[in-house]
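Here is a short briefing on a predicted model. It covers surface, helix packing and charge pairs, in that order.

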Amino acid sequence: MRERLGLWIVLAVALGARLAVIGAAADTTFGDAADFERHANRILADLEYPETLFADPGGPSALRPPGFPLLLAGVFRVFGPDLDAARVVFALLGTVSVLLLYLLVARVWGDRRLALGAAAIAAVLPSLVFLDNGLLSENLFIPLALGVALLVAVHRDRGSWVAAAGAGALLGLTVLTRTNGLLLALPVVLGLWGARGAARRWAAPAIALGCLALVMAPWAVRNAIVLDRFLPLGTQGGFTIAGQWNGNAAGPGDERAEWLAPPLVGAFADLIGQPGLDEGEVDAELRSRAITFAVEHPPVAPTALFLNVQRTFGVHIAHSELDTIAYTEMGIPEDRWAWVRISTYALALLAIAGALVLLRARARGLPRGPLWLWAFPVLLFAGYVVWLGTPRYRVPVDPFLALLAAIAVRTAIGARFSRG
């Protein structure tokens with residue numbers, strides 16, 4: 001009963017904290033947030049996507065995956081174009097994420113106190129609390145990814161085919177929210193493969209992948225029709241990597257290896273906004289040029305990785321304009337930026353301590369947790385850090401860092417009591 005009461009208190013704190021910061025939301029009418037709002041309004045008005053902003057003027061676009069624009073359009077449909085109403089919905093989603101983290105840890109580790117500790121950290125972590133102020137796809141992506149992991153864990157415990165199918169379908173929605181979600185297919189397959197019985201070893205992953213394909217099929221068909229090519233993930237790939245692997249980012253100075261939108265890179269002037277080139281063609285050419293540039297300039301990728309790892313945690317020596325843009329996009333007021341940075345440093349240090357505890361887990365008699373689960377944050381981190389270095393893209397990893405931090409705190413408290 002105490003643990004159940006504790007969970008209700010944590011969820012109440014999580015929701016209260018997220019609702020409390022809505023009134024202090026920063027201006028989000030620019031960047032990705034503004035573009036998501038543009039997509040939602042066009043879907044609401046005409047049931048179709050807006051025109052491209054970087055290919056043949058007036059041509060079709062597949063740059064934004066449909067999951068979050070559809071959610072935002074649905075919110076606008078119910079409540080009108082009220083950004084604060086949308087933020088309330090995102091606050092509810094953020095609270096659901098805290099609950100999902102609790103359920104996931106409790107099922108995998110069988111330790112409700114550890115689960116409560118992880119949920120408590122996630123409930124008040126500033127990066128997660130303030131995220132709900134921004135009109136950003138991470139608000140939907142995080143609960144979807146945690147839901148996928150929970151369904152995999154349920155299948156491993158119960159051998160439930162419904163859970164396996166649900167994991168695949170939910171993974172499809174995750175990919176349709178942020179394309180790097182496709183990387184999670186690997187841990188999903190690994191997790192489902194571990195079910196009992198020879199038949200189940202291949203059947204559960206097959207069911208999940210089939211459901212993944214079914215959920216993604218409408219978007220792939222739509223893109224094939226309007227862009228005349230197979231683009232199941234849309235046109236983000238080339239646009240993303242070209243912003244990092246180009247001559248501007250390879251130059252010296254404080255902005256070295258800093259992502260820059262391709263329309264702002266002079267080397268791509270012959271592609272951006274040119275009549276006769278649709279988004280699919282521009283995306284393919286941007287990808288080709290970016291890869292060629294990285295191959296011809298070997299230091300570019302490792303330098304970007306080294307600096308982006310620092311930037312994603314807001315480390316000052318790798319400071320760039322992108323972290324201030326990210327904080328503003330997330331709706332974080334400027335007088336809270338330092339607070340968010342400091343809490344991120346504390347989270348990172350505790351997470352490192354928790355990881356060290358897990359490395360010695362056998363000596364301490366603690367379960368390390370399954371490999372497939374830890375592959376979630378590793379792949380989410382690896383899926384962006386080579387070409388994007390902002391705190392915003394790190395936030396989907398923060399629930400797992402909260403788990404590691406909870407492991408460190410729980411171990412420290414246990415050691416203190418054992419000495420006493």
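Helix α1 (residues 2-20) is the biggest contributor to a nonpolar patch, giving 3 residues. The patch lies on the surface and is formed by Leu-5, Ile-9, Val-13 and Val-124. This is a predicted model. Elsewhere in the structure, a search of the whole finds 20 salt bridges.

**Nonpolar surface patch**

- Together, Leu-5, Ile-9, Val-13 and Val-124 have about 350 Å² of accessible area.
- Ile-9 sits in helix α1.
- Ile-9 has 48% relative accessibility, so this residue counts as partly exposed. The cut-off for exposed is over 50%.

**Helix packing**

- The axes of helix α4 (residues 83-109) and helix α7 (residues 138-158) come within 9 Å. They cross at roughly 25°.
- That angle makes α4 roughly parallel to α7, because angles under 35 degrees count as roughly parallel.
- The crossing of α4 past α7 is left-handed.

**Salt bridges of Arg-392**

- Arg-392 meets Glu-138 in a salt bridge, at 3.0 Å from N to O.
- This pair links distant parts of the chain, 254 residues apart. Arg-392 is in helix α18 (residues 391-394), and Glu-138 is in helix α7.
- Arg-392 also meets Glu-329 in a salt bridge, at 3.3 Å from N to O.
- Glu-329 lies in helix α14 (residues 321-329) and Arg-392 in helix α18, so this pair ties together parts that are 63 residues apart in sequence.
- Are these side chains buried or exposed? Arg-392 counts as buried, at 1% relative accessibility. Glu-138 counts as buried at 0%. Glu-329 is buried too, with a relative accessible area of 7%. Buried means under 20%.

**Salt-bridge network**

- Arg-392, Glu-138 and Glu-329 belong to a network of salt bridges.
- Asp-32, Asp-35, Arg-38, Arg-64 and Arg-178 are linked in this network as well.

- Glu-285 forms a salt bridge with Arg-289, and the closest N and O atoms are 2.9 Å apart.
- Both residues lie in helix α12 (residues 279-296). Glu-285 and Arg-289 are 4 residues apart, about one turn of the helix.
- Glu-285 counts as partly exposed, at 32% relative accessibility.
- Arg-289 counts as partly exposed, at 25% relative accessibility.

How values were computed
Residues are numbered from 1 along each chain as its sequence is written. This is a predicted model: local features need pLDDT of at least 70, side-chain atom pairs count only at pLDDT 80 or more; totals for chains, interfaces and linings use all residues. Side-chain values use heavy atoms; hydrogens and water are left out. Patches are made of residues with over 30% relative accessible area and no salt bridge: like charges are joined within 9 Å, nonpolar side chains (Val, Leu, Ile, Met, Phe, Trp, Tyr) within 5 Å. Accessible areas come from the Shrake-Rupley method with a 1.4 Å probe; for residues, only the protein chains shown count as cover. A salt bridge is a side-chain nitrogen of Lys or Arg within 4 Å of a carboxyl oxygen of Asp or Glu. Helices (H or I, at least four residues) and strands (E, at least two) are DSSP runs, numbered from the N terminus. Buried means under 20% relative accessible area, exposed over 50%, partly exposed in between (1.4 Å probe, protein chains only). Axes are lines fitted to C-alpha atoms, for helices over the stretch in contact, and angles run from 0 to 180 degrees between N-to-C directions. Angles under 35 degrees count as roughly parallel, over 145 as roughly antiparallel, 65 to 115 as roughly perpendicular and the rest as oblique. A crossing is left-handed if the near helix is turned anticlockwise from the far one by less than a right angle, and right-handed if clockwise.
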